[in-house]
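This briefing covers helix packing, ring contacts and selected loop residues. The sequence and the model come before the notes.

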Amino acid sequence: MTDRLRTELLDLALEAARRAGALLLEGRPADLGVAATKSSPIDVVTEMDVASEKLITGYLAEHRPDDGFLGEEGASSEGSSGVRWIIDPIDGTVNYLYGLPGWSVSIAAEHEGETVVGVVAIPPRGETYHAVLGEGARRNGEPVRCRPSPPLDQALIGTGFNYVTEVRTAQAEVARALLPKVRDIRRSGSAAIDLCDVGAGRLDGFFERGLHPWDAAAGALVAREGGALTGGRPGLPPDYDLTVAASPGVFTVLQPLLEELGAWHD
């Protein structure tokens, strides 16, 4: 992959995320409501999710018409260039629906199946994280790193919960068992933000079951480029069963503990 292509992909992702973030901040209807549901009645889509994805895919396709797409709200095409864009037009839709600030726009670029660029814009914070494979992670252009690893009982851990009742019930049991073993647990409502915050030292670790590629692709690259480790179940990469990200010392303790607690199944 050439430096020129890497720079082009980053610049396009940053601009697409900026435009989508402006649309979402400035164009949010006062009477915003649920347009559709997905996995359950509480897993919602708003008209702004759809508008944001349309804006992002339209902008990227205008500049790179041969690229593929995978978007949460239905964008799907193979492309012929070897580049695929993975898009979450609003990560944290329920937060956005309620007017809470924990939402983001997540855009990652894969080249030949490997994530090479990740951008997570967080308009309510006035922050944009980005990472390029092998070049580190940045927030608003400034380098960020994960925190030095504390003992697990002093680690602040982020997590999230599924929208399917049976799954979230099992996740609550994992959280109940984990809570006495860590400093505390946070639940922001946006996996993309949590992953970036691991890479920037605002969390010591993060785990969640049931993440899709669009939830994690950009944020996981930011976490790794910030010095964190990422994985799934022991010996596996992050996947739908389990995604774990943490500073190295926390990761080596947290991942096997989550396996022991059954964080990957009901």
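Helix H5 (residues 191–199) is mostly covered, with nine of its nine residues buried; buried means under 20% relative accessible area, exposed over 50%, and partly exposed in between (1.4 Å probe, protein chains only). Helices (H or I, at least four residues) and strands (E, at least two) are DSSP runs, numbered from the N terminus. This is a predicted model, in which local features need pLDDT of at least 70 and side-chain atom pairs count only at pLDDT 80 or more, while totals for chains, interfaces and linings use all residues. Residues are numbered from 1 along each chain as its sequence is written, and side-chain values use heavy atoms, with hydrogens and water left out.

- The buried residues of H5 are Ala191, Ala192, Ile193, Asp194, Leu195, Cys196, Asp197, Val198 and Gly199.
- H5 and helix H6 (residues 213–225) have axes that come within 7 Å and cross at roughly 5°; axes are lines fitted to C-alpha atoms, for helices over the stretch in contact, and angles run from 0 to 180 degrees between N-to-C directions.
- That angle makes H5 roughly parallel to H6 (under 35 degrees counts as roughly parallel, over 145 as roughly antiparallel, 65 to 115 as roughly perpendicular and the rest as oblique).
- Ala191, Ala192, Leu195, Cys196 and Gly199 of H5 make the contact with Asp215, Ala216, Gly219, Ala220, Val222 and Ala223 of H6, where contact means heavy atoms within 4.5 Å.

**Other helix pairs**

- Helix H1 (residues 3–26) packs against helix H2 (residues 47–63) at an angle of about 150°, and their axes are 9 Å apart.
- H1 and H2 are therefore roughly antiparallel to each other.
- The crossing in which H1 passes H2 is right-handed; a crossing is left-handed if the near helix is turned anticlockwise from the far one by less than a right angle, and right-handed if clockwise.
- On the H1 side, Leu12, Glu15, Ala16, Arg19, Ala20, Leu23 and Leu24 meet Met48, Ala51, Ser52, Leu55, Ile56, Tyr59, Leu60 and His63 in H2.
- Helix H4 (residues 165–178) and helix H7 (residues 248–261) pack with their axes 10 Å apart, at an angle of about 125°.
- That angle makes H4 oblique to H7.
- H4 also passes H7 in a right-handed crossing.
- Val174, Ala177 and Leu178 of H4 are in contact with Leu254, Leu257, Leu258 and Leu261 of H7.

**Aromatic rings and charges**

- The structure holds one aromatic pair; rings of Phe, Tyr and Trp (its six-membered ring) pair if their centres lie within 6.5 Å, and planes under 30 degrees apart count as stacked, over 60 as edge-to-face and the rest as tilted.
- The ring centres of Tyr96 and Trp103 are 4.9 Å apart and their planes are at 80°, so the pair is edge-to-face.
- Tyr96 counts as buried at 1% relative accessibility, and Trp103 is buried with a relative accessible area of 4%.
- The charged end of Arg28 sits over the ring of Tyr96, 5.5 Å from its centre; this requires NZ of Lys or CZ of Arg within 6 Å of the ring centre and within 35 degrees of the ring normal.
- The charged end of Arg233 sits over the ring of Trp264, 3.4 Å from its centre.

**Prolines in loops**

- Pro124 is in the loop between strand E7 (114–122) and strand E8 (127–132), and counts as partly exposed at 35% relative accessibility.
- Apart from its neighbours within four places in sequence, Pro124 is in contact with Pro101 and Trp103.
- Pro124 and Val164, 40 residues apart in sequence, are 28 Å apart in space, C-alpha to C-alpha.
- Pro148 lies in the loop between strand E10 (142–144) and strand E11 (156–159), and is exposed, with a relative accessible area of 73%.

- Most residues other than glycine have a negative phi.
- Glu112 has a phi near 50°, a positive value in a residue other than glycine.
- Glu112 is in the loop between strand E6 (104–111) and E7, and counts as exposed at 61% relative accessibility.
- Asn140, which is not a glycine, has a positive phi of about 50°.
- Asn140 lies in the loop between strand E9 (137–139) and E10, and is partly exposed, with a relative accessible area of 47%.
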